[in-house]
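Hello,

Here is the structure I said I would pass on. Please open it alongside this email and look up each residue as you read.

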Amino acid sequence: MEKKLSYDFSESACRKDTNAEKYTLREKLFKTEDVQPVWVADMDINTPDFVIEAVKQRLNHPIFGYEDVPQSAFKAQIEWMKREHSIEFLLEDMLYSHSVVASMNVAIEAFSEIGDKIIVQTPVYPPFFHSVIEHDRELLKNPLKQNSDGKYVFDIEDLKSKIDKKTKLLLLCSPHNPVGRTWRREELEEILSVCLQHNIVVFSDEIHSDLVYKPNIHIPFASLNDKARDITITAIGAGKTFNMAGFAMSSVVITNKKLREQYLKIYKRVHFAQGSVLSHVAYESAYKNGKEWLEELKVHLQKNYNMLEAVCSRYPYMIKIVPIEATYLAWLDCRGMNLSDKALRNFFVKEAKLGLNAGLSFGREGSGFMRLNFALSCAKMSQVIDKLEYALEKKGKYS
């Protein structure tokens, strides 16, 4: 008998007039507002009530001046990481950041110099390679390999063959966006071995770590062993997990004192400060109260993914969905349509009336793919399914 859910994901608030990026940029990106946006990685699902209530309570105090991040907020995150991911961080190892991308940019400056090489594993979230290039570092691409079952894996031999003495940093995406992998311990240990051998620091973006589907589990890179902990900069936060990216708060964890001092030189120069008063209470409430909500959210997201998978399975000669283990971002293999990347994007915009991320934006390895955000209420997901089915059926008839 299916357990009755305590939280309702059937409907979500309208965002059209809230300055939501995925809605306000439709005309600019897709040349029309007549598309349902399923691109930006936030949810069209209401932020949980316990977060909103915490913010409302803080609003009862009429002063909103400068404020340090309260220890209680970081302690709530530390307890969450210990309970959910079996890793224990210390309060003194944690730093505030307004975003993982900002943290990544500080790491690039702190642990490399102009002309040094930085490893990225494509296809990957675009700021990974944009940040490297914008800092005048050399992009060392170590593309993931796709197996016959559609699953992506590391190409360790390719990585080993490309590293030299100028290679200083590896940007790890774990879980991986956009391919939806949770890396297994043995896979991460292979990466660790290479990095230890060549004195490479690892920046581990683990922002999607809570959005993992059973039986998969997230293994923090720093949890592998003491040596891993010693070379890792861990970036984590509640933004993706609880749909609160608009609060602009995450954290960076650096346990190695020498690396932390290097990082702080750039961090202090930029002046990150301590973030927003309202972000602090939202962050703390999410980590203290979010367990049940998250578990029910993942049940809902899995159902959405299953619906999407079912549609794709009816048109396997045109579209395949890459098996997912984590995130709410479906990686769609559309190479069977035999369309150019521009024509593929136009198909989704004009025929399906859906605004997706073009696979090519994640690197050349994403050519022929599209990324679809399925973190939607039941009502909005039903609309996406209907639009996609209609477009695929129509194309199937006339191709």
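Predicted model: local features only at pLDDT ≥ 70, side-chain atom pairs only at ≥ 80, totals over all residues.

**Aromatic pairs**

The count of aromatic pairs comes to 17. In one of them, F9 and W293, the ring centres are 6.0 Å apart and the planes stand at 65 degrees, so the pair is edge-to-face; the cut-off for that class is over 60 degrees. F9 is in the segment before α1 (21–24), while W293 is in helix α12 (residues 291–313).

**Two packed helices**

Two packed helices are described by the angle between their axes and the distance between the axes. For helix α4 (residues 71–85) and helix α11 (residues 277–289), the angle is about 25 degrees and the axes are 8 Å apart. Angles under 35 degrees count as roughly parallel, and α4 and α11 are therefore roughly parallel to each other. The crossing of α4 past α11 is left-handed.

Which residues in α4 and α11 meet? From α4 they are S72, A73, A76, Q77, W80 and R83. From α11 they are H280, Y283, E284, A286, Y287 and K288. Sorted by class, this contact has 6 nonpolar, 3 polar and 3 charged residues.

**The loop with D149**

D149 is placed in the loop between β5 (145–146) and β6 (152–153). Its side chain reaches the backbone nitrogen of K151, at 3.0 Å. D149 and I133 are 16 residues apart along the chain, and their C-alpha atoms are separated by 33 Å.

**Backbone exceptions**

Most residues other than glycine have a negative phi, and most peptide bonds are trans.

- N177 and P178 are joined by a cis peptide bond, with omega about 25 degrees. P178 is in the loop between β7 (167–173) and α8 (185–197).
- K214 and P215 are also joined by a cis peptide bond, and here omega is about 5 degrees. P215 is in the loop between β8 (201–205) and α9 (226–231).
- K31 is a residue other than glycine with a positive phi, near 65 degrees. K31 lies in the loop between α2 (26–30) and β1 (36–37).

Regards

Terms used:
Residues numbered from 1 in each chain as written. Heavy atoms only, no water. Axes fitted to C-alpha atoms, helices over the stretch in contact; angles between N-to-C directions. Helix = DSSP H or I, 4+ residues; strand = E, 2+ residues; numbered from the N terminus. Parallel < 35°, antiparallel > 145°, perpendicular 65-115°, else oblique. Left-handed = near helix turned anticlockwise from the far one by under 90°. Contact = heavy atoms within 4.5 Å. Nonpolar A, V, L, I, M, F, W, Y, C, P; charged D, E, K, R; others polar. Polar contact = N/O pair within 3.5 Å; in protein donor to acceptor, adjacent residues only side chain to side chain. Phe/Tyr/Trp six-rings, centres within 6.5 Å; stacked < 30°, edge-to-face > 60°.
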